Amino acid sequence: MKHKHALYPIIMSICAFVCFLGVVFLMADTVQPLWGRTMLLLLPAVILCAVGLFALKGKLNKNTTVILTTILAIVLLLASVFYFFLLSIWTATTETTDIRYYTRAYDQIEDEDGVEDVFPRRIPNDAENIDFSYTPQFLQGGEVFELSYTTTEEKLAEWAARLTREAKWVGSNKEWHEANNWGFSGEDSTRYHLDWDGGFNHGEMCYVLIDEETNRITFYYSEW
């Protein structure tokens with residue numbers, strides 16, 4: 001090999017690319033991967049690879065290649081670590097509303113009290129007018145999962161029978177709020193209360209609402 005000093009930036013580029021693949025692997029396990037922002041972490045590998053190609057073509061001598069590669073490696077490493085920290089925060093605070101990620105969000109709460117064997121693992125095919133949101137728990141923020149959709153009277157009747165068996169309390173949603181000194185607004189519905197640890201500022205709650213007038217069912221779980 002004529003320009004052996006080109007190996008230095010090329011090897012560093014490969015190392016940067018391996019680190020990028022590691023981040024991709026971590027992002028793939030999140031509820032809603034931020035792929036666009038993650039791709040920026042590919043820049044260090046591209047930049048170092050470009051230095052290697054210039055050195056390989058003889059446009060950079062040995063000393064210039066070594067100094068430039070060392071400086072870039074240090075700067076890009078520090079920048080990448082900082083950016084990865086930001087990316088982690090963005091990922092942890094992203095509210096997911098795309099129903100394509102519903103199953104991933106469900107996997108985060110499936111073992112929680114009240115959720116297990118009650119909430120649908122997948123959005124039913126007969127669901128219409130779907131509203132979905134999931135916010136992961138981060139620092140002092142709460143984890144909130146909510147799925148709401150309209151369906152047929154027959155499906156609602158099936159859910160009502162099943163929820164009656166699972167619920168710890170069944171009754172008016174407005175009545176529950178008033179009994180527990182919680183503010184209430186909007187239309188009333190039947191509340192199937194599955195779990196609550198009694199906490200107000202910090203606690204865990206799980207319930208399902210059925211509005212027979214609009215044929216709408218809502219699954220809700222939160223932990224603060």
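The following dialogue explains how several descriptions of this predicted model are reached.

Tutor: Residues are numbered from 1 along each chain as its sequence is written, and side-chain values use heavy atoms, with hydrogens and water left out. In this predicted model, local features need pLDDT of at least 70 and side-chain atom pairs count only at pLDDT 80 or more, while totals for chains, interfaces and linings use all residues.

Student: What makes H1 roughly parallel to H4?

Tutor: Helices are DSSP runs of H or I with at least four residues, strands are runs of E with at least two, and both are numbered from the N terminus. The axes of helix H1 (residues 7–27) and helix H4 (residues 62–92) come within 10 Å and cross at roughly 5°. Such axes are lines fitted to C-alpha atoms, for helices over the stretch in contact, with angles from 0 to 180 degrees between N-to-C directions. Angles under 35 degrees count as roughly parallel, over 145 as roughly antiparallel, 65 to 115 as roughly perpendicular and the rest as oblique. H1 is therefore roughly parallel to H4.

Student: Which residues make that contact, and how do they divide by class?

Tutor: Contact means heavy atoms within 4.5 Å. H1 contributes Tyr8, Pro9, Met12, Val23, Leu26 and Met27, and H4 contributes residues including Phe84, Leu87 and Thr91. Ala, Val, Leu, Ile, Met, Phe, Trp, Tyr, Cys and Pro count as nonpolar, Asp, Glu, Lys and Arg as charged, and the others, Gly among them, as polar. On that basis, the contact of H1 with H4 has 10 nonpolar, four polar and no charged residues.

Student: Why are H3 and H4 described as they are in their relative direction?

Tutor: The axes of helix H3 (residues 43–56) and H4 come within 10 Å and cross at roughly 175°. The two helices are therefore roughly antiparallel to each other. Among the residues in this contact are Ile47, Leu48 and Val51 of H3, and Leu68, Leu72 and Leu76 of H4. By class, nine are nonpolar, three polar and none charged.

Student: Are Lys168 and Asp195 buried or exposed?

Tutor: Buried means under 20% relative accessible area, exposed over 50%, and partly exposed in between (1.4 Å probe, protein chains only). At 62%, Lys168 is exposed, whereas Asp195, at 9%, is buried. Leaving aside neighbours within four places in sequence, Asp195 is in contact with Asp113, Gly114, Lys168, Glu204, Met205 and Cys206.

Student: How many salt bridges does the structure hold?

Tutor: The structure holds five. Another of them pairs Asp98 with Arg100, whose closest N and O atoms are 2.7 Å apart. Asp98 is partly exposed at 24%, and Arg100 is exposed at 65%.

Terms used. Salt bridge = Lys/Arg side-chain N within 4 Å of Asp/Glu carboxyl O.
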